[in-house]
Amino acid sequence: MGAHSDRVDRAFVGRKVLTEAGFREAAILVANGKIMDVVSLSDVPAGISIEDAGDLSIIPGLVDSHVHVNEPGRTEWEGFHTATRAAAAGGVTTIVDMPLNCIPVTTTLQALDQKLEAIEGLLRVDCAFWGGVVPGNHGELEAMVKRGVVGFKCFLIHSGIDDFPNVEEKDLRLAMPILARLGVPLLVHAEMDCGHNGHDPAENLKKNPKSYAAFLESRPKKWENDAIALVKKLCEEFNCRVHIVHLSSSEALPMVVAAKSEKLPFTAETCPHYLTFAAEEIPNGDTRFKCAPPIREKENSDLLWKALGDGTLEFVVSDHSPCTPQLKMMDEGDFDKAWGGIASLQFGLPAVWTFAKAKGHTLQDVSRWMSEKTARFAGLGEQKGRIARGYDADLVFLDAEETFVVEKKNVHHKHKETPHEGRRFFGVVKKTFLRGEKIFDDGKFSESTNGRKLLQSQGETVKL
Ligand SMILES: [Zn+2]
């Protein structure tokens with residue numbers, strides 16, 4: 001035992017602990033919410049409290065770096081109280097909140113401060129923040145980084161809400177040198193409306209609003225491909241970290257491969273819905289599946305899996321972006337007018353694990369994609385996403401071999417609508433711990449709201 005052993009206040013033990021050396025029997029020694037050491041069971045000091053996972057897997061809490069919480073301003077869509085409960089139930093111990101669809105959108109220092117104040121006392125898990133780049137706000141970016149955002153999101157197409165306008169190349173030419181200097185990433189919603197010849201898919205969708213095929217055709221792969229080509233070019237020019245969010249077009253993957261081989265600071269993520277649904281199976285009129293870019297064909301999804309497996313795609317995040325059932329146009333089934341966004345924060349882990357398992361990937365792979373790499377991406381790589389000395393004791397007790405069916409009664413998002421409803425998944429989250437404290441236990445939540453706002457400042461994480 002090391003000299004620090006007298007400070008250890010509790011241990012988490014189990015036969016399947018995901019350590020740096022893979023799954024093995026181990027004890028995680030914790031003091032004040034931090035992992036002090038990972039040792040063999042015989043090295044657990046006497047007289048401390050022990051949480052025994054038995055045969056359950058102990059994995060690091062997930063870090064979901066793409067979540068739209070929408071508070072303040074659109075809390076009727078989703079808010080921090082409900083989102084962080086759902087996160088805890090889904091084994092997610094850190095979220096990174098998107099700069100929209102809250103009101104005001106997080107594109108100024110003042111708006112960021114308003115959000116930080118509005119969410120006081122609501123967090124059940126830890127939360128970091130992305131800012132937004134919109135036309136004309138390049139003068140705000142540095143102050144927002146100093147206040148603690150971990151990077152910035154922008155759109156190259158209408159964002160869905162008018163108060164978060166999309167940027168064009170000229171706006172990026174102003175913002176990217178600033179972000180490059182500050183060393184923070186630019187997250188890009190990469191779709192660009194490149195027009196059409198003759199047949200107008202947007203008109204066709206208006207005429208056939210319930211048709212998923214018509215919706216899919218209205219947002220072609222080319223929109224993504226063109227947008228990704230543009231930002232890759234700018235990444236090269238400004239040497240600014242660029243990250244493609246929710247990549248869906250398999251045709252864009254060779255550009256990501258090329259950027260990596262050119263050693264550009266260029267990465268891409270994908271989401272559970274692109275990996276676990278296929279356009280061929282989506283019922284007409286079922287707008288729970290509407291998101292942008294759209295869920296594409298099975299063949300496309302297979303290529304995304306391959307890219308995830310070989311590291312072309314860096315990691316998997318939920319892109320949880322719910323709204324009210326009314327705005328989802330559930331009754332009308334209108335893919336043209338419905339809000340585009342999928343509610344999935346709570347089910348990312350079991351959805352991805354179920355399909356990963358069937359494809360021969362391991363739970364360790366899933367943890368790398370959903371905890372370790374996302375933590376590193378959000379600047380939390382020395383604090384979150386691994387079970388190792390010095391890391392936060394954010395832990396999940398998972399029954400990886402037990403299955404469950406997603407039912408409305410066990411959905412903890414603000415609204416129960418999710419396209420995952422009715423699916424049977426492997427991977428039941430039994431308990432979730434945030435910095436050593438149990439926040440979720442077999443369907444029950446602790447009352448505490450000890451989640452922290454994680455604010456990065458000049459390379460240091462400041463915890464409020
Ligand atoms: Zn999003």
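Helix axes here are lines fitted to C-alpha atoms, over the stretch in contact, and the angles between their N-to-C directions run from 0 to 180 degrees. Helices (H or I, at least four residues) and strands (E, at least two) are DSSP runs, numbered from the N terminus.

Before you start clicking: this is a predicted model, where local features need pLDDT of at least 70, side-chain atom pairs count only at pLDDT 80 or more, and totals for chains, interfaces and linings use all residues. Residues are numbered from 1 along each chain as its sequence is written.

**Stop 1**

Select residues 169-182, helix α4, together with residues 221-238, helix α7; their axes come within 10 Å and cross at roughly 40 degrees. Angles under 35 degrees count as roughly parallel, over 145 as roughly antiparallel, 65 to 115 as roughly perpendicular and the rest as oblique. The pair α4 and α7 is therefore oblique.

**Stop 1: the open sheet**

Now look for six strands in the order β9-β10-β11-β12-β13-β14, which form an open sheet with parallel pairing. At its edges, β9 (131-132) and β14 (315-316) each pair on one side only. Two strands pair if DSSP finds at least two bridges between them. Zoom in on β11 (residues 186-189) and β12 (residues 242-244), a parallel pair with three bridges. Which residue in β12 is the bridge partner of Leu187? Select His243 to see that partner.

**Stop 3**

Select residues 10-19, strand β1, where seven of the ten residues are buried.

- β2 (residues 22-31) pairs with β1 in the antiparallel sense over eight bridges, and a hairpin of two residues joins β1 to β2. Arg10 has Val30 as its bridge partner in β2.
- β4 (residues 49-52) runs parallel to β1, with four bridges between them. Here Ala11 is partnered by Ile50.
- β5 (residues 57-60) is also parallel to β1, joined by two bridges. Look for Lys16 opposite Ser57.

**Stop 2**

Finish at helix α12, residues 363-377. Twelve of the 15 residues in α12 are buried, including Trp369 and Phe377. Just after α12, select Gly379, which has a positive phi of about 75 degrees.

Terms used. Expected span 1.5 Å × (residues − 1). Buried ≥ 20, exposed ≤ 12 C-beta atoms within 10 Å, placed from the backbone.
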